[in-house]
Amino acid sequence: MVASATNTTVKNTSYKVVLPFYLYAAISFLTATIFLLTSTEAFTGHYFQPQILAITHIMTLGWGTMIILGASHQLVPVLIESKLYSNILAYTSFILAAIGIPLLVYGFNIFDMGWPAQFGGWFVVLAILSYLINIAISMAKSKNESIHAVFVFTATIWLFLTTILGLAQVYNFTKLILPKGSLHYLTLHAHAGIIGWFLLLIMGIASRLIPMFLISKYSNVKLLRWIYGLINSALLLFVALFLYPGSEALLFIPVITIFIAIGLFIYYCYCAYQQRIRKQVDEQIKLSLLSVLMLLLPVLLLIIVIVFLISVSREQLNLILSYGFIIFFGWITAIILGMTFKTLPFIVWNKVYHHRSGLGKTPNPKDLFNSSIFKAIAIIYISGFILFATGILLGTTMLLKTGAIFLLLTAVLYNWNVLKVFMHKPEQL
Amino acid sequence: MKTINANTKIATLLKESPDALEAVISISPKFNKLRNPLLRKLMAARTSINMASKVGGCTANDFFKKLEPLGFTIDKNIIADDSTEQKQVPEFVQNITVADIVELDVRAEIESGKDPLNLIMKAVKQLQPGQVLKLINSFEPVPLILLLEKQGFESYSETVNDNLVHTFFHKSQATPIKEADTSKAGEGWDEMLQRFTDKMETVDVRQLEMPLPMLTILDALEKLPDEKALYVIHKRIPVFLLPELTERKFDYRIKEVADGEVYLLIFRT
């Protein structure tokens, strides 16, 4: 009876909670690439302008955050060997974000920080709060501690702070509530989001999933603790330097710290790769591992940006733009493209087959999506990414346009493959 | 507590309450068989209260009387699926000639705690057209009757005395022998479980932390002899394991009994 009592707490999060997030993310990615194609001009100018703000927020919230929220509602209970505290909070979080994101993006796109942007901002903040509460209580109720879940939880706190600051920035346009203009806080907002939310979270989850998918016995909690400590101290130091500015050279300390953390994380993935049992690594994992390596690019760019800032006291706009592009369309997009087809087919498989599994042979979960389309996605995506990034650096509209078309095509194929999984009908048994 | 009725499986009772086993056994000495873990596994999942009451020579109400104090809620409105109603002596039994009877006595097998199912299925497969299998047993093998009826067998049970029941099985001519069943994709859990009854290795990964369940299973499969199957007790359907199995040329059947209780049968294709 004791055994069955602990067993009943292990329960998969319902697909009904998880799937809407995936669908929303797929549509957001498509929307973002359409925006990208129609506003390539914007990428030859300053980064603080309507279309770029709009695209960035579709990418960070609609694409990156939504899919992470979806996946982690499923994954966190597995990590802490417990169940999700509340499905209602999960739905709440989805609905609030689903309404808030378009409002916010609409506000940015017409550059009106009136009620749509403000309401949108509030919805997003509340969506993240619901998620934070849900994760916090789920973790508190579990007896199992997991370093990966600690990553997720801390990342969510950073995300919450990011959205609060973002909301204040939106209000700051119409009513001065911050000591300085909104643009001033952009670096803080962006890095709390990029480092605190995305980097911490993706590392926390990937450090569990990558070894698992490689079927590797490798595990190194001590190394992960170091990475966790380095990223958080770097970010706290960055916040301190932001609030109490000193020499710009000091910025190198957090950057180098993050660089070391990324280096350690790459080492972690390398060890997992070396000790893998599965000899043939599938395409989805290859793309995810490529994404891990892509992490080095923005750090290098950032170092160059700071060097420019110090030596010529000037912001290199195209470098900053490509820095953002590489992070959102490069690293984050690559890992999502790979991981979607490592998680979604299995969630849908569970939905369709778990009740009928006893009846007979069931199809292989990985056959729910089309692997040729996936290969096409990977190739077209990488080409589009390289073309567009080069376009930003060189300021060539032709490259930007071609790159944007490739990325749009990526999004179309991605949506197609995702829909194929969604529409999967059980085979006759 | 769970609501039960005449169609509730014995396995459900046993899972819901640890005291249900003793309660059921106290109804009729015939249910002593349930103490044998193998028979319990075998019978309980296939036998409903109604079927069991026939075997035990009692009524569903006798069950309800014993089970109610354990906290079960009884729903007497549900009428039992009565597919095993004693029929008239069917034609095939009336027309039997002694030469056509294949006798199989499984009493000793059951006494020694072994599952006779493989033995029975072997005999059934070897039946020539027109032949009748006469199964000699200590109780009416209701689950077996249902199982074989699904495969197109007619049956007839004749209770000789309290400890001796003869059951006749006969394949009606119209339905072809389902020989193809063993290779067909649609082969279900029950059939595969039968096929590997004596040839299973068991591994319980419920207490292991991720990703150890997968590694343990893959490890066990590496050492698994060719003709054997691996029986896995798991907390959830290990979806990420499934592609790995296909890659390693294994096939699988899954039985999800409840949240937190999943069984897998993994065998070579």
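**Exercise 1. Find which residues B:Ile266 touches, setting aside its neighbours within four places in sequence.**

Step 1. Once those within four places are left out, the contacts of B:Ile266 are B:Leu221, B:Ala229, B:Leu230, B:Val232, B:Leu245, B:Phe250 and B:Tyr252. A contact here means that two C-beta atoms, placed from the backbone, lie within 7 Å.

Step 2. Before going on, note that this is a predicted model, where local features need pLDDT of at least 70, side-chain atom pairs count only at pLDDT 80 or more, and totals for chains, interfaces and linings use all residues. Residues are numbered from 1 along each chain as its sequence is written, while chains are lettered from A and ligands numbered from 1 in the order in which they are written.

Step 3. Now for the core. B:Ile266 joins A:Leu201 and A:Ile231 as the residues that touch the most other members of the largest nonpolar core, which has 159 residues. Such a core is a set of buried Ala, Val, Leu, Ile, Met, Phe, Trp, Tyr and Cys residues joined through C-beta atoms within 7 Å. Buried means 20 or more other C-beta atoms within 10 Å of a residue's own, exposed means 12 or fewer, and partly exposed is in between, with C-beta atoms placed from the backbone.

Step 4. Helix α12 of chain A (residues 317-353) gives the most to this core, 22 residues. Helices (H or I, at least four residues) and strands (E, at least two) are DSSP runs, numbered from the N terminus. There's also a second, separate core of 34 residues, and its members include B:Leu13, B:Ala44, B:Ala60 and B:Ile145.

**Exercise 2. Work out the strand order of the open sheet of 4 strands in chain B, and say which strands stand at its edges.**

Step 1. Read across the sheet and you get β7-β8-β10-β9, with mixed pairing. Strands pair if DSSP finds at least two bridges between them.

Step 2. β7 (200-204) and β9 (250-258) of chain B are the edge strands: each has a single partner strand, so one side of each lacks a neighbour in the sheet.

Step 3. On average, neighbouring strands of this sheet are turned by 20° against each other, direction ignored. The axes behind that angle are lines fitted to C-alpha atoms, for helices over the stretch in contact, and angles run from 0 to 180 degrees between N-to-C directions.

Step 4. Zoom in on one pair: β9(B) runs antiparallel to β10 (residues 261-268) of chain B over 8 bridges. There, B:Glu256 sits opposite B:Val262 in β10(B).

**Exercise 3. Trace the pairings of β3, β4, β5 and β6 in chain B.**

Step 1. β3(B) and β4(B) are parallel, with 5 bridges, and B:Glu103 has B:Lys134 in β4(B) as its bridge partner.

Step 2. B:Tyr156 is bridged to B:Phe168 in β6(B), and a hairpin of 2 residues joins β5(B) to β6(B).

**Exercise 4. Decide where the buried residues of helix α5 of chain B lie around its axis, and what they pack against.**

Step 1. In α5(B), residues 60-67, the residues B:Ala60, B:Phe63 and B:Leu67 are buried.

Step 2. They're on the same side of α5(B), because they cover an arc of only 55° around the axis. The arc is that of the directions from the helix axis to the C-beta atoms.

Step 3. The buried residues of α5(B) pack against β1 (3-4), α1 (10-16), α2 (20-25) and α4 (49-56) of chain B.
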